[in-house]
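I set out to record what I looked up in this structure, entry by entry.

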Amino acid sequence: MPDAVVIGAGPNGLVAANVLADAGWSVEVLEAQTEPGGAVRSDRGVHPDYVSDLFSAFYPLAAASPVLARFDLAAEGLRWSHAPSVLAHPLTDGRCAVLERRVERTAAGLEAFAPADGAAWRDMYEVWCRVGPDLVQALFTPFPPVRAGLRLAAKVRASGGLRLARNLALPVRRLGEEEFAGEGGRLLLAGNALHADLAPEAAGSGGFGWLMSMLGQSHGFPVPVGGSGALTAALVSRLRRRGGVLRCGERVEAVLVRGGAAVGVRTAGGETIDARRAVLADTSAPALYRDLVGEEHLPSRLLPDLERFQWDFATFKVDWALSGPVPWTAPEAAGAGTVHVADGVNGLTRFAAQIAAGHVPDAPFALFGQMTTADPTRSPAGTESAWAYTHLPQHITSDAGPDGITGRWDSREQEAMADRIEVQVERFAPGFRALVRARRILAPTTLQAMNENLHNGAINNGTTALHQQAIFRPTPGTGRPETPVKRLYLASAAAHPGGGVHGAPGANAARAALRSHGPRTLLHRAQRV
């Protein structure tokens with residue numbers, strides 16, 4: 001009998017298992033898919049000569065994560081690679097905002113949009129350098145982050161206090177307008193905010209756009225050498241060397257509850273696996289409570305709260321094997337790992353408004369990844385392994401474009417949406433479509449079939465909007481990984497601090513389980529000293 005059973009071998013599940021194994025617990029991880037990794041996997045499914053990341057691809061949050069830093073994954077063979085430039089946002093007139101690896105170069109590029117904007121970017125980055133490390137620590141700590149929060153509060157007071165707090169609460173459109181005279185800095189902030197489901201006019205989108213932009217400036221948007229699966233392989237290797245057990249192809253169909261406490265799980269094959277100390281679930285909150293636990297074991301107030309749980313945007317992704325580099329009209333975009341494809345901030349607003357109205361956008365904002373530019377091992381020299389994804393409504397009411405897409409996602413609708421993305425890219429890179437050797441389409445339903453946590457292609461396990469963060473995540477409560485069932489912990493991005501590959505929800509859940517068994521943990525730590 002293991003001390004703990006972890007449901008799901010996504011990054012948070014694997015982080016949770018590693019933290020428990022470090023404390024001396026025996027751990028068994030059960031994964032429904034035939035391979036581990038959740039949304040951190042890669043393959044050669046588009047073309048045998050090209051490595052493609054199936055889901056996530058760039059990892060600024062992993063690079064900044066104190067959780068992953070403690071694991072020393074380099075010892076497991078993990079290596080990171082960077083594109084020459086972090087991110088680019090080209091415009092059809094040939095101008096291009098570029099987030100460079102060095103702040104001086106980013107600032108110099110923004111001065112082409114407005115002379116004062118280089119200094120404005122440097123000032124923004126100086127604030128980040130003062131508060132960023134403590135902010136990241138506070139974000140990745142169980143709520144409330146008492147010690148990290150106190151350190152952060154002191155730094156915030158020294159960096160503008162309420163004025164900085166106000167900036168972080170602003171919509172990203174307003175933040176950009178206040179900080180930058182030209183379009184370049186505004187584009188970098190607003191495009192990064194839409195890595196989540198935050199429209200340019202949404203409260204708090206300024207803070208998220210600032211966070212992602214500053215992480216890009218300080219840490220870059222690195223990629224694992226050889227594909228995103230290398231990050232998963234490192235986590236699995238580390239776990240196994242510490243005695244952890246991973247079983248793939250084992251779907252959990254129920255959490256076993258006796259006397260108000262989780263005592264184990266039952267698999268779809270009928271096997272019962274008892275857990276001596278805890279069950280940790282790297283699953284969505286609705287799936288955990290409704291499907292695995294059952295309402296008879298839950299307080300009555302939780303079920304109405306789950307009815308109000310909001311998913312983030314659906315996602316549609318296309319992977320390409322390209323015969324050559326992308327022919328961007330703006331040459332600066334060629335060296336960026338990530339390219340934002342949209343007609344300025346107004347185009348982002350129009351895109352987000354169409355999604356809010358339930359419409360499939362007619363000119364989708366595409367996040368475009370140039371993976372061979374970031375990591376030359378991904379495809380033969382002179383070629384590009386590339387992808388793009390765009391967001392869609394969770395519930396489609398109409399198509400703003402000409403194709404009558406309804407959300408059935410049959411082959412006609414999938415091909416039409418993929419063509420629409422390609423046409424959008426072609427506007428900024430004429431000749432792009434002629435380079436396509438092969439493509440793979442991952443519709444929202446496909447993404448969910450490959451990873452059940454990606455509900456209809458929702459990549460953040462719930463909205464990033466303020467009303468579902470901290471003490472409101474996943475439902476109003478404490479913002480902590482403990483659940484109403486004793487010894488059961490929510491270890492996924494459905495818990496605080498939410499989406500992104502950083503491992504904090506898994507680590508927080510594991511530490512909560514360890515705290516409930518303090519004497520053994522303290523003894524183990526003393527033995528290690």
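Entry 1, terms and source. I took two strands as paired if DSSP finds at least two bridges between them. I took helices (H or I, at least four residues) and strands (E, at least two) as DSSP runs, numbered from the N terminus. The model is predicted, so I noted that local features need pLDDT of at least 70 and side-chain atom pairs count only at pLDDT 80 or more, while totals for chains, interfaces and linings use all residues. Residues are numbered from 1 along each chain as its sequence is written, and side-chain values use heavy atoms, with hydrogens and water left out.

Entry 2, a hairpin. I looked up strand 3 (residues 42-47) and strand 4 (residues 50-53) and found them paired in the antiparallel sense over 3 bridges. The two strands form a hairpin, with 2 residues between them. I then checked His47 and found that its bridge partner in strand 4 is Tyr50.

Which residues of helix 11 are buried? I listed Leu231, Thr232, Ala234, Leu235, Val236, Arg238 and Leu239, where buried means under 20% relative accessible area, exposed over 50%, and partly exposed in between (1.4 Å probe, protein chains only). The elements they pack against include helix 1 (11-22), strand 2 (27-31) and strand 9 (245-248). Just after helix 11, I noted that Gly243 takes a positive phi of about 90 degrees.

I placed Val236 in helix 11 and read its relative accessibility as 8%, which counts as buried. Leaving aside neighbours within four places in sequence, Val236 is in contact (heavy atoms within 4.5 Å) with Leu14, Pro36 and Leu246. I also looked up Gln424, 188 residues from Val236 along the chain, and found their C-alpha atoms separated by 39 Å.

A polar atom of the Lys317 side chain lies 2.8 Å from the backbone oxygen of Asp53. For the backbone oxygen of Leu54, I recorded 3.4 Å to a polar atom of the Lys317 side chain. Leaving aside neighbours within four places in sequence, the contacts of Lys317 include Phe55, Trp387, Tyr389 and Arg440.

Definitions and conventions. Polar contact = N/O pair within 3.5 Å; in protein donor to acceptor, adjacent residues only side chain to side chain.
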